[in-house]
Every structure is written in C-alpha cells, then in structure tokens.
Amino acid sequence: MSMTPFTGRVWKFGDNIDTDVLAPGLYMKSPMAELARHCLEAVEPRFAREVRPGDIVVGGRNFGMGSSREQAVMALRELGVAAVLAPTFAGIFYRNALNLGLLALVCPAAQEIPAGAQLTLDPAMASARTETGKTFACEPLPAHLLQMVAEGGLLPHLENKLRSQQVREARR
C-alpha cells in the first residue's frame with residue numbers, strides 16, 4: 001500500500017465495536033477467507049458482501065475493544081479495507097492494525113464523516129476530505145510507522161530492513 005492520498009467509500013460504525021464482531025469466535029478456526037465473510041455481520045450484515053478494496057471503515061470511540069485477536073485486523077485486510085478512522089481505538093487493536101499493515105488513524109471528529117461518502121485520505125498529511133470538501137484532521141503517524149504500514153506491516157518492514165542491511169554488508 002502506498003501512503004499517497006487515496007479515495008474510498010465510507011462504512012460507518014458506532015462506539016465500542018469489539019473484536020468478536022470483527023472476527024466472530026464461531027469462525028475463528030475457519031480459513032481467513034471464511035472468517036472475513038462474517039466480519040461485522042452482527043452490526044451490518046451487508047458489510048462483508050459489499051465492501052470493496054480501498055473502502056474505509058469509520059468507527060466510533062473505542063474501536064476494536066475486547067480480546068487481542070489479530071484476526072480482527074486480518075479480516076478487514078482480507079476484505080480489502082484500506083484504513084480505519086476512529087476518535088479512539090482499543091490499544092491492542094491499534095497496535096495490531098499497524099503491525100499487520102492496516103492504516104489506523106485517530107480522527108477526533110470521525111463520527112461527523114457521513115456513511116457512504118467518498119473520502120479522500122492523505123496519510124502523510126493526516127487528513128481526510130469528503131467529496132463535498134469538508135476536511136477532517138487526524139493525528140499524524142510518525143514517518144517510520146507510515147513506512148511500516150506501507151510495506152505491509154511489521155514483519156515485511158523488518159524483512160526489508162534486514163535485506164537492505166545484508167545488501168550494504170555484501171558491498172563492503
């Protein structure tokens with residue numbers, strides 16, 4: 001994923017969306033594609049069927065609360081969700097999102113973003129703009145975290161770093 005501006009359709013959810021709604025326990029032993037088909041179905045049955053790659057999830061306060069299951073983030077990524085914006089995130093979900101390469105931005109006024117809007121998100125500038133021109137400020141992520149997300153998360157980022165180091169050492 002590039003950290004250049006991109007546009008996606010907004011899927012809007014309320015406060016306290018928990019990891020069991022994102023990755024229902026009943027499907028935890030299923031392959032990721034099957035688990036993802038049930039992502040958020042308890043609050044929006046159409047979501048997994050109708051979400052498209054590049055779409056953006058806008059949540060309320062405490063998005064991703066509950067257990068530490070990484071599958072909550074993995075299901076969103078499997079469905080092609082490009083980013084999650086929320087006024088606040090549960091700490092473990094937020095770390096899992098960044099570590100697994102899903103852009104998660106704290107956006108205090110996220111709940112003002114209308115469902116279904118075409119939202120242009122500029123990760124480097126930490127801003128989001130609707131097609132009507134209304135702009136929402138998000139908390140900026142440090143450059144190294146944006147780079148890590150762009151590379152697909154912590155493991156791909158570390159693999160790239162190690163590869164670069166090996167190339168530098170081989171040139172000596």
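**View 1. The largest nonpolar core of this predicted model has 31 residues.** The residues with the most contacts inside this core are Leu22, Leu40, Phe47, Phe63, Leu76 and Phe93. At least two core residues come from each of helix 1 (19-22), helix 2 (32-36), helix 3 (47-50), helix 4 (71-78), strand 3 (83-86), helix 5 (91-99) and strand 4 (103-106). Of these elements, helix 4 gives the most to the core, with four residues.

**View 2. Leu40 and its contacts.** Not counting residues up to four places away in sequence, Leu40 touches Phe13, Ile17, Val21, Leu22, Pro45, Phe47 and Leu76. Leu22, Phe47 and Leu76, like Leu40 itself, are among the residues with the most contacts inside the largest nonpolar core.

**View 3. Helix 5 and the elements around its buried residues.** Phe93, Asn96, Ala97 and Leu98 are the buried residues of helix 5. They pack against helix 1, helix 4, strand 4, helix 6 (143-150) and helix 7. Gly101 follows helix 5 and has a positive phi, near 85°.

**View 4. His157 in helix 7.** Helix 7 spans residues 154-171 and includes His157. His157 counts as buried because its relative accessibility is 16%, and buried means under 20%. Not counting residues up to four places away in sequence, His157 touches Gln147, Met148 and Glu151.

Conventions
Residues are numbered from 1 along each chain as its sequence is written. This is a predicted model: local features need pLDDT of at least 70, side-chain atom pairs count only at pLDDT 80 or more; totals for chains, interfaces and linings use all residues. Side-chain values use heavy atoms; hydrogens and water are left out. Buried means under 20% relative accessible area, exposed over 50%, partly exposed in between (1.4 Å probe, protein chains only). Contact means heavy atoms within 4.5 Å. A nonpolar core is a set of buried Ala, Val, Leu, Ile, Met, Phe, Trp, Tyr and Cys residues joined through side-chain atoms within 4.5 Å.
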